Amino acid sequence: MNSRKKLSELAKTIRSKNAGTDKITFDIIFRERETYEMVKRSGALTRDTVCETLNVDPARLTDFVEYDPAHAIKFTILRERPSGSAGDGDIFGAQQYAPFLDVEVDVTS
């Protein structure tokens, strides 16, 4: 039976933070290897889906890593402007993860 769950129901941690003054990095970490592997297989988090979710040009995605030892998917984007510059509403980059909370993942019972 196929069903869908939100990423926030499956991940232990979903966060974003500065990676220097011109990048924001994201971490999505899972408790269990099985859940991590299921999310990878689902295709819910890929280079393309990350860009779609964040509404950013793929050229801004500098890194996308599935890090098996930590059951984590990590990716980094270039900021539109340096951290703390005029018009930057999130100096620490810590508020950028929210769109991933509601990403739907196909799960199999």
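Helices (H or I, at least four residues) and strands (E, at least two) are DSSP runs, numbered from the N terminus. The views below show a predicted model, in which local features need pLDDT of at least 70 and side-chain atom pairs count only at pLDDT 80 or more, while totals for chains, interfaces and linings use all residues. Residues are numbered from 1 along each chain as its sequence is written, and side-chain values use heavy atoms, with hydrogens and water left out.

**View 1. Helix 3 and the residue that follows it.** Helix 3 covers residues 47–54 and is followed by Asn55, whose phi is positive, near 55°. The buried residues of this helix (under 20% relative accessible area, where over 50% is exposed and anything in between partly exposed, with a 1.4 Å probe and protein chains only) are Thr49, Val50, Cys51 and Leu54. These buried residues pack against strand 3, strand 4 (61–67) and strand 5.

**View 2. The largest nonpolar core.** Such a core is a set of buried Ala, Val, Leu, Ile, Met, Phe, Trp, Tyr and Cys residues joined through side-chain atoms within 4.5 Å. The largest one has 26 residues, and those with the most contacts inside it are Leu7, Ile28, Phe30, Phe75 and Phe100. Among the elements that give two or more residues to this core are helix 1 (7–10), helix 2 (33–42) and strand 6 (104–108). Leaving aside residues up to four places away in sequence, Phe100 touches Leu7, Ile14, Phe26, Ile28, Leu45, Val50, Thr53, Leu54 and Phe75, a contact being heavy atoms within 4.5 Å.

**View 3. Aromatic pairs.** Rings of Phe, Tyr and Trp (its six-membered ring) pair if their centres lie within 6.5 Å, and planes under 30 degrees apart count as stacked, over 60 as edge-to-face and the rest as tilted. The structure holds 5 aromatic pairs. One of them, between Phe26 and Phe75, is stacked, at 5.0 Å centre to centre with 15° between the planes; this pair links distant parts of the chain, as Phe26 lies in strand 3 and Phe75 in strand 5, 49 residues apart. Both Phe26 and Phe75 are buried. The rings of Phe30 and Tyr36 have centres 6.1 Å apart and planes at 45°, so this pair is tilted, and Phe30 and Tyr36 are both buried.

**View 4. An aromatic cluster.** Phe26, Phe64, Phe75 and Phe100 form one aromatic cluster. Of these residues, Phe75 and Phe100 are among those with the most contacts inside the largest nonpolar core.
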